[in-house]
Amino acid sequence: MRLAPAKHSRRARQLAPKRLVETRAWPQSSGKPKRRKETAMPDPIPEARSYTPAAGYHFLTPFYDFGVAVTTRERVWRDRLVHHMALAEGEVILDIGSGTGNLALAIARHSPGVRYLGIDPDEVATRIAQTKTAQIVPPPEFRVGFFGASAIDDWPSPAKIALCLVLHQVGLEEKARLLREAWQVLAPGGKLYVADYGEQRSRLMRLLFRLTIQQLDGVQDTQPNADGLLPVLMREAGFRDVREPETFRTPTGAIAIIEANKPRI
């Protein structure tokens, strides 16, 4: 267990987009960064409606739960994630990329009485999630769609947000957009929790990650995670006190829990 603030590697600093801190906008077509105020409208959800399914391919979605349980030690890191969240009864949590509902089940096991909201673009995975969590009280609320502030504007502001095994499957610009939008919808004083493949610090973890996740999801989208860029992007999105309380060695590489705060002011 590592309780020190998360650090990023030299490679992460090299990969990190050079942006204005706090009030930046990522490049538009001109390629030049432009300042924007904190009150600016949230980034539009990309027009491209493609996404990477939970298991990498649509035909593998029904087998996702078995595969992720075997290859990622999922029960261990999900239970520890819920422990770090320290959810209180009645608290609202938003699960971005809710998949087949495994986080909702973990929360129900350890933190009953929480209002769970989940959004995911995969309709098949969402149907599986609804079936698996049908007996939970209060019932989890799932929505099919691409995450963005405008997609959930009828939901209450969450006190906690989770992003599990999502960021390694999307490109660098989409990683940054998702984190900016998460900051936008999170209640002031709230916390973000990312559970995903983080920096692969050992030779063995780098090798396993290369032979498994990068074969399934490709190198371009996954390499920034392996190089330790996630904490950098979280700070760039406006989050503070970014730290990595735990990392888990798995047969597919190291999975990190990274948490951060949204300032009250």
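User: Before we start, what do buried, exposed and partly exposed stand for here?
Analyst: It goes by relative accessible area, taken with a 1.4 Å probe on protein chains only. Over 50% is exposed, in between is partly exposed, and buried is under 20%. One caveat: this is a predicted model, where local features need pLDDT of at least 70, side-chain atom pairs count only at pLDDT 80 or more, and totals for chains, interfaces and linings use all residues. Residues are numbered from 1 along each chain as its sequence is written, and side-chain values use heavy atoms, with hydrogens and water left out.

User: How many residues of α6 are buried?
Analyst: Helices are DSSP runs of H or I with at least four residues, strands are E runs of at least two, and both are numbered from the N terminus. Helix α6 covers residues 172-185. The helix is largely enclosed by the rest of the structure, because the buried share of its 14 residues is 10.

User: How far apart are the end C-alpha atoms of α6?
Analyst: The expected span is 1.5 Å times one less than the number of residues. For the 14 residues of α6 that gives 20 Å, and the end C-alpha atoms agree, sitting at 20 Å.

User: How many salt bridges are there?
Analyst: Side chains of opposite charge can pair when their charged atoms come close. The rule wants a side-chain nitrogen of Lys or Arg within 4 Å of a carboxyl oxygen of Asp or Glu. By that rule, the count is 13.

User: What is the N to O distance between D79 and R109?
Analyst: D79 is buried at 19%, while R109 is partly exposed at 38%. R75, D79 and R109 are linked in a network of salt bridges. For the D79 and R109 pair, the N to O distance is 2.7 Å.

User: Where does K160, the salt-bridge partner of E91, lie?
Analyst: Both residues are buried, and their side chains meet at 3.5 Å, N to O. The pair links distant parts of the chain, 69 residues apart: E91 is in the loop between α3 and β3, and K160 is in strand β6.
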